[in-house]
Amino acid sequence: MSKVNESSAWRGDFTGRKPNGYSYSSFAHGGGSAAAAGNGGDWKFHAVEFTKGAAEMSVEFGKGVRDVVKQSILREDSVIMRKFKGPCVKILGKLRFLNEYLPEDRDPVHVWTVFACVWVFAFAALIVNITQTTTPLVKKMKVDPTSASLVLLPDGRRLAYQEQGVPANQARYSMIFPHSFLSSRLAGIPGLKGELLQEFGVRLVTYDLPGFGQSDPHPDRNLESSALDMLHLSYALNVSDKFWVVGYSDGSKHAFAALNYIPDRLAGAIMVAPMVNPYEPRLNKEERRRIWGKWTVKKKLMYFLARKFPKLLPYYYRRSFLSGNHGQIEKWLSISVGKRDRAVIEGRVFEEFWQRNVEESVRQANPKPFVEEAVLQVSNWGFAISDLNLQNNKRRSKGILAWLKSLYRPSEKSLSGFLGPIHIWQGAEDNVVPPSMSEFVNRVVPDSMLHKLPYEGHFSYFYLCEECHRQIFTVVYGNPQGPLALKEDYLTAVEGDGEENTAAIFGGIAIDKDNMIDS
């Protein structure tokens with residue numbers, strides 16, 4: 001009972017007392033719970049108390065940090081004090097005259113500390129405003145009306161193409177150009193003048209790869225089918241003689257395929273910065289190191305995904321060039337360029353050309369052909385570049401007698417495959433297609449002619465350079481001879497066809513051509 005009485009007496013001592021201006025009543029009775037509920041419902045009271053508590057904790061934390069700094073850093077025997085105390089005292093002594101401009105009731109240490117903090121924050125804000133780049137306006141892609149010429153292939157697919165230069169019946173040389181990744185038939189040789197084609201008598205044919213531009217997709221595309229598309233296109237466009245195949249960048253794999261699968265239809269190959277399979281097993285260790293060392297981490301990742309996880313590529317493509325917005329070529333192709341290339345791609349002419357070419361390339365908005373193109377680049381091509389012109393040994397007979405003869409007379413050698421000229425132009429400052437790739441091609445195909453360009457990059461020699469285009473044509477075709485002259489029998493046939501067509505159009509009305517007046 002004494003314990004109960006003591007507890008009651010203890011509770012009575014605190015009943016009615018008002019510490020901090022608040023009264024507390026006994027919680028042993030029901031009236032106490034109602035009062036507590038009334039105070040707990042005031043959320044402003046709790047917010048104020050929480051803020052006060054946080055402020056007090058911050059002040060105490062600051063005092064603790066101050067004490068730690070004083071005890072560890074600002075001691076007389078600390079390394080920082082020994083090194084910086086003397087210079088700081090000298091500087092502060094020279095700036096002591098500034099205290100004369102302060103009010104007499106202000107502590108100079110406190111004032112200048114506040115001033116320094118304000119200055120640091122203002123300087124940081126100024127740096128952020130200066131370095132912050134303005135977000136460029138996003139330019140939407142537009143789809144132009146279909147205007148390409150089409151040919152019908154034997155399997156029923158349509159192939160879109162474009163012709164430049166002289167007509168078929170006057171072409172001294174014919175060139176067929178499969179485009180590279182994220183490109184179309186509109187690219188061709190960028191900036192190539194029609195006068196240069198006329199001067200050399202060249203007919204240039206470019207076409208959209210399956211699924212690109214206005215060409216129908218191929219259900220099972222590979223490099224052999226790519227070479228056959230070129231073959232059927234040449235026949236459909238009346239390219240009766242052998243033609244030159246042109247390869248640029250990663251579009252060169254289609255040129256290599258033509259050299260392997262249809263060598264009898266080719267007069268030669270023109271390649272600028274040709275890209276080979278980066279996983280080519282015949283690359284030696286040094287070539288492989290120099291190739292992969294030139295590329296960005298993102299480009300290496302894209303090649304890895306194309307080789308191991310190609311199903312992930314559409315996700316990236318839809319967020320970049322298939323998003324419906326224009327972007328930067330470096331970002332979309334995951335490349336880094338040198339100074340000369342940057343001067344080219346930052347020009348207005350290149351930007352207009354690039355945007356129009358990309359718009360045509362992604363016209364069908366289907367990631368599948370782009371995935372196929374990326375996978376073809378890093379997968380097994382079905383042939384080796386070193387097999388383009390093989391050297392075979394021929395022996396007229398077999399047996400011991402033939403072996404004895406071979407000791408004194410070497411066996412006859414012959415080449416099989418493509419035997420025509422292969423010209424390669426490679427810029428020494430090319431970061432997109434490293435020069436080691438062209439050197440590899442020249443090593444495994446000794447008959448190829450490698451033209452090294454000491455100060456050129458990936459775009460600077462091939463894009464928008466009239467002088468460079470003239471150099472290529474001069475090396476390949478020699479002195480310009482102009483287009484072929486039309487034969488008399490052809491002119492007669494054309495004139496006869498024209499008269500028949502005129503009679504068919506105007507029915508039985510006789511027309512005197514001598515008295516016709518051009519409207």
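Cysteine 465 and cysteine 468 are joined by a disulfide with an S to S distance of 2.1 Å, a disulfide being a pair of cysteine sulfur atoms within 2.5 Å. The structure, which is a predicted model, holds one such link, and with 60° about the S-S bond the link of cysteine 465 and cysteine 468 is right-handed. Both cysteine 465 and cysteine 468 are buried, where buried means under 20% relative accessible area, exposed over 50%, and partly exposed in between (1.4 Å probe, protein chains only).

In this predicted model, local features need pLDDT of at least 70 and side-chain atom pairs count only at pLDDT 80 or more, while totals for chains, interfaces and linings use all residues. Residues are numbered from 1 along each chain as its sequence is written, and side-chain values use heavy atoms, with hydrogens and water left out.

The chain as a whole is summarised below; helices (H or I, at least four residues) and strands (E, at least two) are DSSP runs numbered from the N terminus, and accessible areas come from the Shrake-Rupley method with a 1.4 Å probe, for which only the protein chains shown count as cover of residues.

| Chain property | Value |
|---|---|
| Helices and strands | 19 helices and ten strands |
| Buried residues | 37% of the 519 residues |

Methionine 175 is in contact (heavy atoms within 4.5 Å) with residues including Trp244, Ile270, Phe473 and Tyr477, leaving aside its neighbours within four places in sequence.

Isoleucine 127 lies in helix 5 (residues 108–131) and is partly exposed, with a relative accessible area of 38%.
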